[in-house]
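User: Hello! I am new to this structure and would like to learn how to read it, feature by feature. Could you guide me?

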Amino acid sequence: MNRPLVAKKTVLEMVLEWSADRPAWQRDALRRIVAHGRLSEGDVAELVTLCKIGRGAPAGDCKAVPLEPHHLPANPDQAESVTLLSVSDVKGANNLAPTQNLAFEPKGLTVIYGDNGAGKSGYARILKRACRARHAGRIEANVYDDQAPKSASATISFGIGGAAQPAERWQDSPQPHARLSAVSVFDSECASVHLRDKNEVAFRPFGLDVPDELANACQAVKDALAAEQKALEKARNPIFAAPTWKATTAVGKALAALSASTDIKAIETLGTLPAEEASRLDRLRDDLAKNPAKAAAEQALKADNVKRVIASVSAIATGSSEEALAAVFDAAEVSRVKREAARVAAASAFGGEPVEGVGSDVWRTLWETAKSYSTGTAYPGQPFPPTADGAHCVLCLQPLVPEALSRMARFEDFVRQDTALQAQQAELAATRALKTLTGVAMRTRELKAVLDELAIQDAPLHLMTRRFIASARLRRHVQLQAIDKCERVVLPLASASPVAGLTELEATVRKYSQELRQSSGAEERKKLEGELAELSDRALLASLMPTVLEEIERLKSIRFISTCAADTTTNSITKIGNDIADTVITPKMRDRFQEEIVRLAAEKVRVEIVRSGGKYGSPQYQVRLFAKPDAKVHEILSEGERTCVALASFMTELATAGHHSALVFDDPVSSLDHRWRRKVAERLVDEAAQRQVIVFTHDLVFVNDLVDRAEHQKIPLRLNTVSRGPTGAGRVAEGLPWKAQSVEDRIDKMEKAARAAKVLYDSNREDEYDAEAVRIYSQLRASWERALEDIAFYRVVQRHRDYVNTKDLKKVSALTATDCDAFAVGFKRCCDIVDAHDPSGGRNAASPPPADVLQDIQALKDWVAALRTRQKQIV
């Protein structure tokens, strides 16, 4: 019946091997499932984040921790089975008292009894977190102590292969202890039997539910992603449902085709309107709202005004060019040089003359007039001065003596040399050049209206034009100052000429004027209106650019979530679930399950395990009734019967392990009646013969069943009680509480109490001794009653038990009349001393001395021993 069903690999080892090529977030989910069983909402939220990171989202602080071999429960071989020795010095676990030591029987059965709230569940939670549990739950800190540690810890002693190991300080963590994970814990939350869809009882061996939980995790992540996608789909800006742009424009077509793959740069380029296009948009809006002929005339006038600016700028460019400015300076310089040459020549020719101004311009005019008169009228055919005899000076009318002729010849030579004339001509040329330079209009006052219009049409070009005029004016001013100072200077650089831009603008405006003139025709106007629509939508796109970019990001997010959702499919999980099920749920395991059911429920629960499809990706094994496979099992099996099925599956799972490590049961018979309790007690005690078994319970009847079975099977037994005290819950005491102790244990405690009371008696502490004596006799009376129930009636009938133990009825025949008389005497002796009712005020009886107390206790001890001896002889 106890033959092993050891598999080559455990279910979790097969899952680990399969998970190697799964997405990182699924491997992280497997780690959480193995550690905790169920995933919390927080786990699912983190898995959604990890799923996104796996598809390229920023990692942030959240990182996947994949399932690794050290996360799996230990699976030692038979020689390395793990036993628990003690849990001590607990800190930060519920309200458990410190400095307690909960010891366990390493080679048999340990029963830890405690009332509700006594602290036994706190110790059980520590073992569930440190060992292997299907659903480990969590350990809350002590809410009554703000100074208590926020994380539970305890010193756990254990053995491996029968050899005690050094005690380890365990600290609560999501992962079980590497060695202690070989120890299995069972409670109602850890049961492998559950209601599926609330209408079927399903069987799931430990580990086989991991693919099922992973499939659930995939579905939860998928649902979360779907909810996020739905929210994104609802978040579409209403403007795209009721667009204000035209569907036929480039903008309209681009926005209608927005997708996650849309080229953002192309959209931004489309929504960027250069200044010239913005200006044309404004013109089209204004002009298409007017009469075409009038609008064309206005544009033609604007073109003429631009042409006027071109003419002015061209003239300024010519007048302020390097060549023009250099020519004016050069003319002035030539004029100065020639004037100086004329002055030097005049000084040489007339330096000794007695009259001032000889050789001057006035004198030269006089000379030229006299010469004209002499050669034309007075002495025709004669040179000037005349050389004929008797000739007279035409100016002074005096005869021309040799000296006068010599002087006049010298004057004529001077005039013929032409230095003064050249100087005069150079000065005239310089004057004309200077007049031309200063005559070029370089002011903007005359062009103000035209330039203001240019600023509206093309602001950069308007600024360029003004800068050019200003730089030309500065260059001219610098050159004029240089001429006045007769110093050649380096002129300031000229600003860029706007002539090319102005020429292009004139052509554009004039062309636009022509288009407006032609727009009186339907086709041409339609063309301009189309251009207006295009430009208007592009301008609108510029204002909507943040909204459009946000829409593209929304579409990208939707596509990204769809990509992530592809990782939530469960096909591969279905396959591994089926493969593992086919490996684990073998006919031998099903037979073992049947054996366990029979041991726990005899013939009362006739069920079997059958394959019944799957959910998401995990196969289901349904528990069905032999007699009626189609029946709704959940409506037929009671809660107690389902618990028995759960225990049967738990014990079946353990049969697949290759070791006999300890088993821990936390309240395994909750809600069971006496029939199931006794069967469970028998099964656990039988298992204690093979391995260490630890049971936490608050059921005293179940405790008695366990104790009776263990004593009958001669299984090593340790009994502990946990209770609540001033320092907290979980105070450990060896043995059971008084109400649960056997008669023999009670006699032992009363004897010790009587010997302690003798010390009070001997030291004359009468009041203290009287109180202690009354307490001892009160316990002694109760023990006579318990002896009657447990010894004389051999537990055939017990208080608060809902059945009669008829199989031991013969043992009751050992009771004799002498025994009844002895019982009456002993019981009356106690009643006489204990104040069951209000005593007479005049009675004031003294308490029995210590020797009498011990004698009365011995009477019960002898009575019990005599009955036990005779009962053993009855077969």
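**Reading the sheet and its surroundings**

Analyst: Gladly! This is a predicted model. Let us begin with a sheet: seven strands form an open sheet in the order 4-8-13-14-3-15-16, and the pairing is mixed. At its edges are strand 4 (132-133) and strand 16 (728-734), each of which pairs on one side only.

User: How do strands of a sheet pair?

Analyst: In general, strands pair through backbone hydrogen bonds, in either a parallel or an antiparallel way. Here is a case to look at: strand 4 and strand 8 (residues 184-186) are paired in the parallel sense over two bridges. Within this pair, Ala-133 has Val-185 of strand 8 as its bridge partner.

User: Which strands does helix 4 touch as it packs on the sheet?

Analyst: Helix 4 (residues 120-130) touches strand 4, strand 8, strand 13 (663-666), strand 14 (693-697), strand 15 (717-725) and strand 16. The direction of helix 4 makes about 140 degrees with that of strand 14. Now find helix 23 (residues 700-713), which lies across strand 3 (109-113), strand 14 and strand 15. Helix 23 runs at about 160 degrees to strand 3.

User: Next, pockets. What volume does the largest pocket have?

Analyst: Its volume is about 1500 Å³. The lining of the largest pocket has 40 residues, and those nearest the centre are Asn-704, Val-707, Asp-708, Glu-711 and Arg-795.

User: Which helix gives the most to that lining?

Analyst: Helix 23 does, with nine residues. Helix 22 (674-688), helix 23, helix 24 (743-762), helix 25 (766-792) and helix 27 (850-872) each supply at least two residues of the lining.

User: Let me try a single residue. Is Arg-31 buried or exposed?

Analyst: Compare its relative accessibility with the cut-off: buried means under 20%. Arg-31 has 12%, so it counts as buried. You will find Arg-31 in helix 2 (residues 24-36). Leaving aside residues up to four places away in sequence, Arg-31 touches Val-65, Pro-66, Leu-67, His-71 and Gln-175.

User: And what about the chain as a whole?

Analyst: The chain holds 27 helices and 16 strands. Of its 875 residues, 46% are buried. Among contacts with a separation of 6 or more, 74% join residues 24 or more positions apart. Finally, the accessible surface of the chain is about 43900 Å², with 53% belonging to carbon and sulfur atoms.

Notes:
Residues are numbered from 1 along each chain as its sequence is written. This is a predicted model: local features need pLDDT of at least 70, side-chain atom pairs count only at pLDDT 80 or more; totals for chains, interfaces and linings use all residues. Side-chain values use heavy atoms; hydrogens and water are left out. Helices (H or I, at least four residues) and strands (E, at least two) are DSSP runs, numbered from the N terminus. Buried means under 20% relative accessible area, exposed over 50%, partly exposed in between (1.4 Å probe, protein chains only). Contact means heavy atoms within 4.5 Å. Accessible areas come from the Shrake-Rupley method with a 1.4 Å probe; for residues, only the protein chains shown count as cover. Two strands pair if DSSP finds at least two bridges between them. Axes are lines fitted to C-alpha atoms, for helices over the stretch in contact, and angles run from 0 to 180 degrees between N-to-C directions. On a 1 Å grid over the protein atoms alone, a cavity is a set of points where a 1.4 Å probe fits but cannot get out, and a pocket is an open set with protein on both sides within 12 Å along at least five of seven lines; lining residues have an atom within 4 Å of a point. Grid points are joined across faces, edges and corners, and a volume is the space filled by probe spheres set on the points.
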